[in-house]
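Colleague: Could you take me through the strands and helices of this model, one question at a time?

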Amino acid sequence: MSDATTSMRDALYEAPGPKTRRRIRFWTFVSLLLVAWGVWAIIRRFYVTGQLSPKYWLFFTRWTTWRFLLQGLMGTIEVAVTSGIIALVLGLLLMLGRISSNRVLSAVCHVVINFFRGVPSLLLIYFFFLVIPQYGIKMSSFWMIALPVALAASGVLAEVFRAGMNAVPRGQTEAALSLGMSPMHVKLKIVFPQALRMVIPSLVSQLVVVVKDTTVAYVVSFPDMLQNARVLITNYDALVSTYFVIAIIYILINYGINQLSVYLARRSGTRIVARTSENPM
Amino acid sequence: MATTMQDEGKQTPVIELRDVDKHYGDLHVLKNINLEVDKGEVLVIIGPSGSGKSTLCRTINRLETIDSGQILIEGKPLPQEGKELAAMRAELGMVFQQFNLFAHMSILDNVTIGPIDVLGVPKEKAQAEAMELLKRVGVAEQASKVPAQLSGGQQQRVAIARSLAMHPKAMLFDEPTSALDPEMINEVLDVMVELARQGMTMIVVTHEMSFARRVADRVVFMADGQIVEEGAPDEFFDHPKSERAKEFLESISGH
Amino acid sequence: MGFAELWKTYGGDYLVALLTTWQLTAISFVFVMILSVLVTVMRVCPIKPLRVVGDVYVQIFRNIPGVSLLIICVYALPFLKVLLDYRTCVIVTTILLGSAFGSENFMSGINTIGVGQIEAARSLGLTFTQILRKIVIPQALRSAVLPMTNLLIAVMLTTALGSQVPLSPPELTGLVSVINTQVSGGITTFFISALGYALSALAIGYVGNAIDKRVRILR
């Protein structure tokens, strides 16, 4: 939560008077009861369906379980990092093409960017998993997941980069041009380094999208964390507990990445460009 | 109490603060403030930044709460919440440093929302009166624009018109010219001078000393959350009694 | 398989799939909006426990991978005696994910208003409900148009999760996998679906931009 969020949501209400304070206290109490009841109902539902039985949970106290999950997590990280790097490079190239003065190149890049942004990553994965092999191209399961995830992210990253380029004050470009630098030189040497610094928090936050997309790895049978969880499930016959634990791990990882990007943004005083905050087309 | 004052043959002050104290955590921002503003009086509050003068101004319509003491509007204690508080606020105008016009509404709607939604004035009547007010502050031609299309000085004049549309018993000005470019300060001050001349009861927090000297009936000098000195403007500016006031006046006349 | 042959055999299926995607998107988005508003109200209300629940809700569904959530709906919930059919699972998953982002959009819409306008409204004597109705909600809605347009596109892309369960009829992504398990459809099978998504996104973006241009608040 950013500081602004906290202050504005408090600003909606003024400092309560005595009557309002009493009312808030009453409803706080009522809502606490409701929340407690809700939590209790969920736990009870687990209990009555037998899902709280120790056999479903005790194997999480074993090191072997965690080692196996960690192996899967390493797979997830490998894919995520590889995809991330490819997407970074590709996004950068697409952005440079998009802002180039060559009309044709710019238009092509525009179309490619919006294509990757407008198509679900699952569809791209099916393209690599089902379509590519039909043309006799053999790919390992690692690349069948890493490439589509990278392509899906590259479109968004290109737009993030472009937003960063646009955020660099125009006067600097004019100053550099008036020094006799070529337009491309100005973009690369003056504007881009500053833009990069500005978009780092946004790039980090896009990593969340990449990590989420890697979870489809089971489609191509790549051993990521989710895929290894499925193996655990067959071994221990503990589906519910395993899927919930895995979900929580993913949530924590992505929450961590998000917090990191918020921290970076605050430190550098920049804004995070999210998929939802820009112009769609 | 109000009755005793009437016994003395004195009018009830429009705004009265008694022993007002306020803390922000460890910071004691208002220390034992006692203040009375009579009908038609123009009170100017000056002082270094962080002296608590803005906070003082904002406590009067409870944009800031106080820890202890009393605030009375025409002898009645300031309500703490609900409809009573809203009704009391409707009787006090407030002009902010940052104008705070409603960004999604036209200038005209900014001025009519109070009369229509709070006072229940019929729309046509409210609009006619709003146009009068906009003419008076010199921005009638801009009535159909939105705030972002106006200059800071114009926006602040609209903000004054918005407050006037409520026919307030008193107006509070919280550094109304501090966010303005130098060339726009006078157009706003002129409107305020005119208001003062027409007998509006005003509390003005400002750094504009010439305005204070020209218009104020009384000047209050604040420092470190306290009222250090108060008096008639000429006397205060020419013969300040306290060291703090002397220092302050020297520091601002330095440039 | 050439385009003509593919279209002759599967053209109708593609149209049905496109409509299915649109339908899933539309149903999900309606509930996304309703839930976003509810969650946002919880997050800005002065009652602490509700605020915490709203914040936790957003953090959970912003950060959980869609597949992980879908799997829980499809495979785990039946063990807890909560039985949803496949279609409902996809829609519920999409709604939960989308509403977290929707609430974030509304929150940032509220944030752009600024404390000053609220104080000015208060000073005029407007009551809390009047301030919400006349100042906060109109501005939050108007500045949320563009983000919500993007969210609608994101919701459409999320319905591709439907390819992970046997939907009948399948939606656009699922159809690609269905066709390619039957025949070697080649690259065209992929591009028809991709075009369905991309053109839909383009249309949504176009409409969203047009609306935004009309209601955008100058600042």
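Modeller: In this predicted model, the hairpin of β1(B) and β2(B) has two residues between its strands, and Gly25(B) there takes a positive phi near 60°.

Colleague: In what sense do β1(B) and β2(B) pair, and which residue of β2(B) is the bridge partner of Lys22(B)?

Modeller: Seven bridges connect β1(B) with strand β2 (residues 27-37) of chain B, and the pairing is antiparallel. Within that pairing, the bridge partner of Lys22(B) is Leu30(B).

Colleague: Which residue of β4(B) is the bridge partner of Arg18(B)?

Modeller: Strand β4 (residues 68-73) of chain B runs antiparallel to β1(B), and five bridges join the two. In β4(B), Arg18(B) has as its bridge partner Gln70(B).

Colleague: How many of the 10 residues of strand β1 of chain B are buried?

Modeller: Buried here means under 20% relative accessible area. Strand β1 (residues 15-24) of chain B is largely enclosed by the rest of the structure, because the buried residues among its 10 number seven.

Colleague: Which are the edge strands of the open sheet in chain B?

Modeller: Six strands of chain B form this open sheet with mixed pairing, in the order β6-β7-β8-β3-β9-β10. The strands that pair on one side only are β6 (92-95) and β10 (226-231) of chain B.

Colleague: What angle does the direction of helix α7 of chain B make with that of β8(B)?

Modeller: Helix α7 (residues 182-197) of chain B packs on the sheet, where it touches β3 (42-46), β7 and β8 (201-205) of chain B. Its direction and that of β8(B) make an angle of about 145°.

How values were computed. Residues are numbered from 1 along each chain as its sequence is written. Chains are lettered from A and ligands numbered from 1 in the order in which they are written. This is a predicted model: local features need pLDDT of at least 70, side-chain atom pairs count only at pLDDT 80 or more; totals for chains, interfaces and linings use all residues. Side-chain values use heavy atoms; hydrogens and water are left out. Two strands pair if DSSP finds at least two bridges between them. Helices (H or I, at least four residues) and strands (E, at least two) are DSSP runs, numbered from the N terminus. Contact means heavy atoms within 4.5 Å. Axes are lines fitted to C-alpha atoms, for helices over the stretch in contact, and angles run from 0 to 180 degrees between N-to-C directions. Buried means under 20% relative accessible area, exposed over 50%, partly exposed in between (1.4 Å probe, protein chains only).
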